[in-house]
Amino acid sequence: QVRLVESGGGSVRAGGSLTLVCAAASGRAFNSYVVAWFRQAPGKEREFVAAIDWSGGETYYADSVKGRFTISRDNGKNLVYLEMNGLKPEDTAVYYCAAKEMGGDYIYYGTYVYWGQGTQVTVSS
């Protein structure tokens, strides 16, 4: 089974940067998987942020973060990063790493079957 652990959250001022890390704590490698970042603010629906096709490296971004966030991978360490620059208060949320086998809708949280515990990102004005 794939188990995911996120880290790197924290509190920053608007315009600041954070890099989140998703690690496969146990189980098989990410081969043939899509790995994604989602976020959820209180009272809001879980929202797609970015995804990466592990085998091909193709990336996908929500319009709200395009040009500010970068998703990347470290093949040797089974890590996925989310570099966040130019953070805005509206980026404040719990950020989750998620994974699934390739195929299906990659932007909808309901299609992902493996989830991390979440890491809090807070951006102040």
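Author: Contact here means heavy atoms within 4.5 Å. The model is predicted, so that local features need pLDDT of at least 70 and side-chain atom pairs count only at pLDDT 80 or more, while totals for chains, interfaces and linings use all residues. Residues are numbered from 1 along each chain as its sequence is written, and side-chain values use heavy atoms, with hydrogens and water left out.

Not counting residues up to four places away in sequence, R39 touches E45, R46, E47, V49, S64, V65, F69, E90, D91, A93, V94 and Y95. R39 lies in strand β4, strands being DSSP runs of E with at least two residues, numbered from the N terminus. R39 counts as buried because its relative accessibility is 6%, where buried means under 20% relative accessible area with a 1.4 Å probe and protein chains only. The side chains of R39 and D91 are joined by a polar contact of 2.8 Å, that is, a pair of N or O atoms within 3.5 Å, of which, within protein, one must be able to donate a hydrogen and the other to accept it, and residues adjacent in sequence count only if both atoms are side-chain atoms.

F69, leaving aside neighbours within four places in sequence, is in contact with R39, D91, V49, L82, M84 and Y95, among others.

Note on methods: Helix = DSSP H or I, 4+ residues; strand = E, 2+ residues; numbered from the N terminus. Buried < 20%, exposed > 50% of the residue type's maximum accessible area, 1.4 Å probe, protein only.
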